[in-house]
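Let's look at this protein and DNA model together, one question at a time.

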There are 2 protein chains.
Amino acid sequence: MSPTPPPSDLHDHLGYWLRMVSNAVSQDFAREIEGQGVTVAEWVFLRALHDADCLAPSLLAERMGMTKGAISKLADRLSEKKLVQRAPNPEDGRGQMLSLTPAGRALVPELARIADGNDAAFFDTLAPAERDHLGALLRKIARAHELTRAPVD
Amino acid sequence: MSPTPPPSDLHDHLGYWLRMVSNAVSQDFAREIEGQGVTVAEWVFLRALHDADCLAPSLLAERMGMTKGAISKLADRLSEKKLVQRAPNPEDGRGQMLSLTPAGRALVPELARIADGNDAAFFDTLAPAERDHLGALLRKIARAHELTRAPVD
DNA sequence: GACATATAGTTGACAAGGAAACTTCCGGGA
DNA sequence: TCCCGGAAGTTTCCTTGTCAACTATATGTC
């Protein structure tokens, strides 16, 4: 028997493969939407706003799993790009309401198509049943660990 | 027919679930090894060095999927922590040879055990067959896209 | 009504990685 | 031998996130 067994290999962990594939997907996607002048975090931000019509930064922070500070700066950038606008919350002097500008609203479907294409391209090496299975497994894990935040990075 | 179909939902993408689960695993792991004074990138660095005995920074950059600059700074930090040492490469005046210090070598099995525990804890909600299947699917995707770099972030 | 406490958002300091310029060294031609 | 192109590392600047301190507003308690 060896005095100290060799440490487990990186490749033995599911987390390793998960990170590898996940990073590749995200990096591919980031590169594609870079052409639209937008980052992945900005895409998630815009997409959330598209559904909500108008959202408080604190809620967005909660949903995106980022700090208030990060959201504040993200909003600055998107506002600079004329994709998002801030308005005071009439019911609470501290709060504000974020919403998409027309340009921002117009951009979302464009980005969504890119996201669709990226996802399809990346997972087309799997058969449809395998894709379904992969999705089911991931959702099962997410549910078990009560993951709810939209992942950003 | 609607004039503009609604943009696809984030949740429709496999990449979304992949990122969500992957980020959760990594963040959990990062929090656990923080107690050992080490980051995830540093763990990957140390683990690679453990197998290689001595490695050039450029090779490490290749394997970790990071830039030379990042590796240079990572080596600085680990050297500061007395876990890694630099030596000049006798055969090439430009190169150097990175290796683990005794402290670094002693730390790797400790970190490996934490990694094992983290992985087990995270995926124990899946049945063994499901875990195998998940791993197989991820490796299939990695192979199809020729992913070889150890993911870091 | 006044004050203590909590909450919304902003800001500044810091961390860590990428891109590119830079330094040093190698090795191949003329 | 003397260049000159390329490779190895380092350094600088930029980006983008966290954390914690700060400002302003709201709310509950006496």
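Q: Of the atoms of DNA strand D within 4 Å of the protein, what share belongs to sugar or phosphate?
A: This is a predicted model, where local features need pLDDT of at least 70, side-chain atom pairs count only at pLDDT 80 or more, and totals for chains, interfaces and linings use all residues. Residues are numbered from 1 along each chain as its sequence is written, and side-chain values use heavy atoms, leaving out hydrogens and water. Bases make up the rest of those atoms, and the sugar or phosphate share is 65%.

Q: Which residue has a side-chain N or O atom 3.0 Å from a base nitrogen of DNA strand D?
A: Polar contacts here are pairs of N or O atoms within 3.5 Å. Two of them go to phosphate oxygens of DNA strand D: a polar side-chain atom of B:Arg86 lies 3.0 Å away, and a polar backbone atom of B:Gln96 lies 3.1 Å away. The base nitrogen is reached by the side chain of B:Lys68.

Q: Which element gives the most to the surface near DNA strand D?
A: Near means that a residue has a heavy atom within 4 Å of the strand. Helices are DSSP runs of H or I with at least four residues, numbered from the N terminus. With 4 residues, the top contributor is H4(B).

Q: What kind of axis relates the two copies?
A: Chain A can be laid on chain B by a turn of 180° and a shift of 0.0 Å along the axis, with an RMSD of 0.1 Å, superposing by least squares the C-alpha atoms of residues with pLDDT of at least 70 in both. The copies are therefore related as by a two-fold rotation axis.

How values were computed. Chains are lettered from A and ligands numbered from 1 in the order in which they are written. A polar contact is a pair of N or O atoms within 3.5 Å; within protein, one must be able to donate a hydrogen and the other to accept it, and residues adjacent in sequence count only if both atoms are side-chain atoms. Helices (H or I, at least four residues) and strands (E, at least two) are DSSP runs, numbered from the N terminus.
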